[in-house]
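Please look over the sequence and the model below before reading on.

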Amino acid sequence: MLTTVTACGGQGGGSVTLKLVAADYGESADTSSQQYWDEVVRGFEDANPGIKVDVQVVSWTDIGKRVDDLIAAGKSPDLLQTGGFADQAAADRLYPAAAVLSIDTQAKFMDSFAHAGQVLGAQYGIPFVSSSRVLFYNKALFRQAGIAQPPATWNELRQDAEKIRAKVPGVTPYGLPLGPEEAPAESMLWTLSGGGSISDDVGNYTIDSTQNQATFGWLKSNLVDTRLTYPEPGKMNRTPVFQDFAAGKVAMLNGHPTLLRMATAGKIEFGTAPIPRKDGVGRTGSLGVADWMMALKANGHKEQIKKFLSFVYQRENQLKFDERYNLLPVTQDAFAQMSADPKHEDLKQFATGLTNASFYPFGDPAWVNVSNRIKAGIGEAVTGDPKQVLTGLQDAAMQEAARIRK
């Protein structure tokens with residue numbers, strides 16, 4: 001979905017129009033991020049009549065290509081809000097964060113996220129939102145299947161899935177979204193819980209490690225071949241799998257805070273638990289996810305960008321977005337207010353997950369293209385030959401990293 005929001009108002013000659021391309025966090029037109037940005041733009045333009053803001057809200061599956069096409073056509077946006085930044089920094093398209101953030105705004109960010117926005121010691125990625133992942137399970141379906149508690153290990157997950165398939169017909173026991181929308185997150189959750197990862201501590205890719213081959217072999221043999229999940233996980237995106245859970249059609253899956261709202265709206269009696277681990281092997285932490293804002297130099301609107309970002313990162317605007325999509329703030333003032341509010345009690349489990357979380361290699365300029373390869377191909381590792389698929393992805397990742405480092 002591509003939605004254009006062109007703000008009205010402003011003065012005549014001499015006004016500047018900022019162009020922002022932003023990812024869509026909604027599940028439908030009714031919940032699209034367009035509504036949030038529409039409200040923010042109206043408030044900003046009322047306070048800054050010489051600056052207009054044109055926002056394009058694009059689905060997660062399409063935003064990468066959309067931005068590439070705009071830049072190739074000489075129509076670079078001024079601001080981009082999406083899942084990564086290092087590739088744009090490597091192409092020398094970005095202002096350093098310090099150039100487009102006021103001192104007050106810079107001081108708001110939580111240190112761990114500001115640090116994660118660095119490339120070779122300089123910050124280019126400006127944190128926008130954060131989250132982690134937990135296991136969601138349908139309590140009613142678990143009762144029907146005679147299951148007393150959520151699984152803590154892979155073997156327990158498989159056993160529970162088998163009971164659900166036997167006793168609750170028509171339900172997908174485990175939702176495995178390895179389609180483009182969620183493939184990097186879902187695959188990294190499984191590699192972490194199997195004792196592996198996508199990359200090591202110094203940034204080398206380890207996609208085809210022995211641990212990861214064993215992980216995807218387990219998924220193939222124990223969940224996919226046994227029909228305990230969707231027939232072709234590589235074609236299943238996050239949004240329809242979340243929608244199936246919210247409709248009572250999936251018994252358990254890994255999810256982020258947005259699923260709290262969806263499941264509640266669907267009147268699902270659900271619970272959450274830590275991500276199950278391979279017996280005695282997997283890591284105890286979750287996957288920490290941060291999405292990013294970045295400022296592009298092409299149009300030379302540094303001062304106007306700084307004004308807009310100061311407005312966007314005001315506490316009330318940050319809370320408005322985070323509360324709408326059940327995400328976690330990256331600014332200290334918004335995080336403190338949300339943490340103290342009893343109505344956000346359900347988010348504390350996700351905040352806890354961030355304290356011991358593993359992150360994508362955000363600062364690696366190759367990561368965006370490596371991530372795109374994972375989105376396109378890692379689903380085949382659970383329907384084809386895991387070793388062959390993972391080795392192909394590893395080779396592509398190493399070639400991309402070598403190309404960028406030249």
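## Helix packing and buried sites

Helix H9 (residues 183-193) and helix H17 (residues 367-377) have axes that come within 8 Å and cross at roughly 85°; the axes are lines fitted to C-alpha atoms, for helices over the stretch in contact, and the angles run from 0 to 180 degrees between N-to-C directions. H9 and H17 are therefore roughly perpendicular to each other, a class that covers 65 to 115 degrees, whereas angles under 35 degrees count as roughly parallel, over 145 as roughly antiparallel and the rest as oblique. On the H9 side the contact is made by Ala183, Pro184 and Ser187, and on the H17 side by Trp367, Ser371, Ile374 and Lys375, where contact means heavy atoms within 4.5 Å. The residues of this contact of H9 with H17 divide into four nonpolar, two polar and one charged.

This is a predicted model, in which local features need pLDDT of at least 70 and side-chain atom pairs count only at pLDDT 80 or more, while totals for chains, interfaces and linings use all residues. Residues are numbered from 1 along each chain as its sequence is written, and side-chain values use heavy atoms, with hydrogens and water left out. Helices (H or I, at least four residues) and strands (E, at least two) are DSSP runs, numbered from the N terminus.

The contact is made by Asn212, Gln213, Phe216, Gly217 and Lys220 of H10 together with Pro386, Lys387 and Leu390 of H18. By class, the contact of H10 with H18 has three nonpolar, three polar and two charged residues.

| Helix pair | Axes come within | Crossing angle |
|---|---|---|
| H9 and H17 | 8 Å | roughly 85° |

Leaving aside neighbours within four places in sequence, Gly175 is in contact with Glu186, Thr229, Tyr230, Val241, Val250, Met252 and Leu253.

Ser132, placed in the loop between strand E7 (126-131) and E8, is likewise buried, with a relative accessible area of 0%. A polar atom of the Ser132 side chain lies 2.7 Å from the backbone oxygen of Phe350. Beyond neighbours within four places in sequence, the contacts of Ser132 include Gly255, His256, Pro257, Ser286 and Leu287. Ser132 and Gln349 are 217 residues apart along the chain, yet their C-alpha atoms are separated by 8.9 Å.

Asn138 lies in strand E8 (residues 134-138) and, at 5% relative accessibility, counts as buried. A polar atom of the Asn138 side chain lies 3.0 Å from the backbone nitrogen of Ala140.

E8 is also among the elements that cover the buried residues of H12, which include helix H11 (238-246) and strand E10 (250-255). The buried residues of helix H12 (residues 258-265) are Thr258, Leu259, Leu260, Met262 and Ala263.

Note on methods:
Nonpolar A, V, L, I, M, F, W, Y, C, P; charged D, E, K, R; others polar. Buried < 20%, exposed > 50% of the residue type's maximum accessible area, 1.4 Å probe, protein only. Polar contact = N/O pair within 3.5 Å; in protein donor to acceptor, adjacent residues only side chain to side chain.
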